[in-house]
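Reader: I'd like to go through the aromatic contacts with you. Could you show me the model first?

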Amino acid sequence: MQTEYCQRREQLMARIGNGTAIFPSAPTAVMHNDVEYVYRQDSDFFYLTGFNEAQAVAVLAPHHEEHRFILFVQPKDREKEVWSGYRCGVDAAKEIYGADEAYPIAELDEKLPQYLEQADRIYYHLGRDRNFNATILKHYQSLLHTYPKRGTGPIAIEDTSTILHSLRLHKSKTELDLMRQAADIAVEAHNHALQITAPGRYEYEIQAEIEHIFRLRGGMGPAYPSIVAAGTNACVLHYIENNCQMQENELLLIDAGCAYGYYNSDITRTFPIGGKFTPEQKALYEIVLEAQKQATQQVQPGNPFTAPHNTAVRILTEGLVELGLLKGEIDKLIEEEKYKPFYMHRTSHWLGLDIHDVGVYQYGQNPQLLQPGQVLTIEPGLYIVPDTKPAEDQPDIDPRWVGIGIRIEDDVLVTADGHEVLTAGVPTEVKDVER
């Protein structure tokens, strides 16, 4: 993997020319009192270094004669390591992680200027760490003040996101191997959940079984808080309480993905708790399934990112008209977004180190074109939320539909000649999800 991280740094340095890029690690987060959450590294920092400790800073200075990749890290401290875990330390930052030079993090203020003085700009994302933002701005303003005496130094700060995130959007073979592993583990967990779900069990029991498999198979755990939503709970898009008992004639919506090697999967399936759809559930499910199939077919290199969403919206709208939940001419209903009371989210997002991964979706009025190596979700749904008010001039909602929530989601890789569904191992056909 160190070769891969080195290649990524070289790609980025080729793009920043005579600039210096600075990436801080993620801060620790407190769960309660003096107990911290399990540490999760900042994705940009991890993408470039593979380093998984807090209180670290990576500096890329392609113009520097000796040190192009510099790490500032916590030094070895036996007493603290006994309490909080082993540290890499300064020496290993060079030996293991390939830094040209490494320093204790306490020396950042002293050592950083030498990597900025010959740069024409600083590449840095002004993020949520206000103290570190202030540190960077302090150095920038100091060098700007002395610029007339030297004639060198940064005269601008540019966000790293626009350069780095276009690299992260296209996955390497190594990244895709990790994403396939994350997908395979989640596929096993979802298939297990389908088999063990039964009336009378609780949502949290299914969550526990799913997340048990994530860890059992070597995953880091859930990629995000698992959604296990029975009945009307499925109408809450990010329902995570998972504390209700499941009933005979309800559907169960499970939106759960596995994190593996920092890469994520994201799968949603909906199926009948008692084994058989009601007529209303089946009618809505088949509409969502058709929308998902046709949207997936739009994942082709050269197609706009919006193509799957536009396709899904049309299929869903046509189905809602057929069931009497909407009325009118299809194109006008879509143009006026009359479908939105029942389908209020987008169909896709990028997937990778982050669940909602980085990457531009649209350039002005022009959507991003799909390219090989990109991974996106395809996740249409329909939600007949209790107390939903129909759009203007639309029919009242027959009570028999109320409380049904359905979403079907897969992770799809854009390939040179089409697409690959990474999560196809979890069934979606009615005959396969009924028991």
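Reader: Is F305 buried or exposed?

Author: This is a predicted model, where local features need pLDDT of at least 70, side-chain atom pairs count only at pLDDT 80 or more, and totals for chains, interfaces and linings use all residues. Residues are numbered from 1 along each chain as its sequence is written, and side-chain values use heavy atoms, with hydrogens and water left out. Buried means under 20% relative accessible area, exposed over 50%, and partly exposed in between (1.4 Å probe, protein chains only). F305 comes out at 7%, so it is buried.

Reader: And how do I read a ring pair?

Author: You describe it by the distance of the centres and the angle of the planes. Rings of Phe, Tyr and Trp (its six-membered ring) pair if their centres lie within 6.5 Å; planes under 30 degrees apart are stacked, over 60 edge-to-face, the rest tilted. The whole structure has 11 aromatic pairs. For F305 and W350, the centres are 4.7 Å apart and the planes at 50°, so call that pair tilted.

Reader: Which ring does W350 stack with?

Author: Y361: the centres are 5.6 Å apart with the planes at 5°, so these two are stacked. They sit 11 residues apart in the chain. W350 is buried at 0% relative accessible area, whereas Y361 is partly exposed at 30%.

Reader: What sits over the ring of Y47?

Author: A charge counts as over a ring if NZ of Lys or CZ of Arg is within 6 Å of the ring centre and within 35 degrees of the ring normal. Here the charged end of R8 does that, 4.3 Å from the centre of the Y47 ring. R9 likewise has its charged end over F69, 3.9 Å from the ring centre.

Note on methods. Helices (H or I, at least four residues) and strands (E, at least two) are DSSP runs, numbered from the N terminus.
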